[in-house]
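Open the model in your viewer and keep the sequence panel beside it. The stops below are meant to be selected one after another.

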Amino acid sequence: MQAWRVHRNGEPSEVMRLEEVDRPTPGEGQLLLKVRAANINFPDALLCRGQYQVRPPLPFTPGVEVCGETEDGRRVIANPALPNGGLAEYVVADAAAVLPAPDALDDAEAAALHIGYQTGWFGLHRRAALKEGETLLVHAAAGGVGSAAVQLGKAAGARVIGVVGGPEKAAAARELGCDVVIDRRTDDIVAAVKEATGGRGADVVYDPVGGDAYAKSAKCVAFEGRIVVVGFASGDIPAPALNHALVKNYSIMGLHWGLYATKDPGAIGRCHRTLTDYAAKGLIKPLISDRVAFKDAAGAVQRVADGTTTGRLVVVPDGAGR
């Protein structure tokens, strides 16, 4: 079979190579899946660079999220077992963690559902306890992670303020349902949030960016607000001023969704059932900006690494079309 492999760490477009490899053999408790679509996540770029918290042995295949087909024809969502990731024709995955793909979503949409929307649901509900009528501020609202949080916030009955970079992403954020859109390139984020909330600030902040985005969040979070730290796409890990959190009575919450697989795996299944119901009702639908041919996967991972994308890039088998 064909698979994209990384033999040395570096930029994805430079280190990913398409190769012929042996089809993986499932071990005890694993399933062999034919990949129908593979969603590209920022961690895939970090894996290529050797900057992710997990460092699989070289050579490895990136791709942490797929929609696949079992040998008996079931359409499923899975996180392939590294070092044999999803940018390949076949993968193996732990049977206990494989979930049914929602009927309401096509292969590319199903491939983009699991990590982003699970992260959003756990961040907004389990960590921040977002309530109907509250104001939710989402950074990188037109990106893959942020767009999921926007839709989940609207599904929860929140008023959503989206922060984006540039007019194209602003248009996407409005289409996703943001009530207020702030362009960080031209607008003063803190002033715009305070204006939109009558001076109160945002009750919940969802931050997958870090750096300056976090610093601005601390200045416009509401009394007893909650800042959910999801990631550091900016590459800058902030050092929060805890005296400021004390003075303003807000909470700083971390979210590493992957921990639930070992700490509370049943919660992942319950969340998936909720997301499947949301998809059936049309409340959520992954924003797929491009369906990329398998042969172009390295360039797609590089685009995600460069932060130039809107929504999700999903790699589909050659011939499946864009």
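The tour goes from a strand residue to the cysteines, then to a pair of helices, and ends at a serine.

Before selecting anything, note that this is a predicted model, in which local features need pLDDT of at least 70 and side-chain atom pairs count only at pLDDT 80 or more, while totals for chains, interfaces and linings use all residues. Residues are numbered from 1 along each chain as its sequence is written, and side-chain values use heavy atoms, with hydrogens and water left out.

Select Arg36 to begin, a residue of strand E3 (residues 30–39); helices (H or I, at least four residues) and strands (E, at least two) are DSSP runs, numbered from the N terminus. Arg36 is partly exposed, at a relative accessible area of 27%, where buried means under 20%, exposed over 50% and partly exposed in between (1.4 Å probe, protein chains only). Now display the side chain of Glu69, with which the Arg36 side chain makes a polar contact at 2.9 Å, that is, a pair of N or O atoms within 3.5 Å, of which, within protein, one must be able to donate a hydrogen and the other to accept it, residues adjacent in sequence counting only if both atoms are side-chain atoms. Beyond its neighbours within four places in sequence, Arg36 is in contact (heavy atoms within 4.5 Å) with residues including Cys67, Asp107 and Pro317.

Searching the whole structure finds zero disulfides, a disulfide being a pair of cysteine sulfur atoms within 2.5 Å.

Select Cys220 next, buried at 1% relative accessibility, and then bring up helix H7 (residues 189–196) and helix H8 (residues 212–220), whose axes come within 9 Å and cross at roughly 35°; axes are lines fitted to C-alpha atoms, for helices over the stretch in contact, with angles running from 0 to 180 degrees between N-to-C directions. Ile189, Val190, Val193 and Lys194 of H7 make the contact with Lys216, Lys219 and Cys220 of H8.

Finish at Ser147, in helix H5 (residues 144–155), where the residue is buried with a relative accessible area of 2%. Its side chain reaches the backbone oxygen of Gly144 at 3.2 Å, and, apart from neighbours within four places in sequence, Ser147 is in contact with Ala140, Ala141, Ala142, Leu176 and Leu287.
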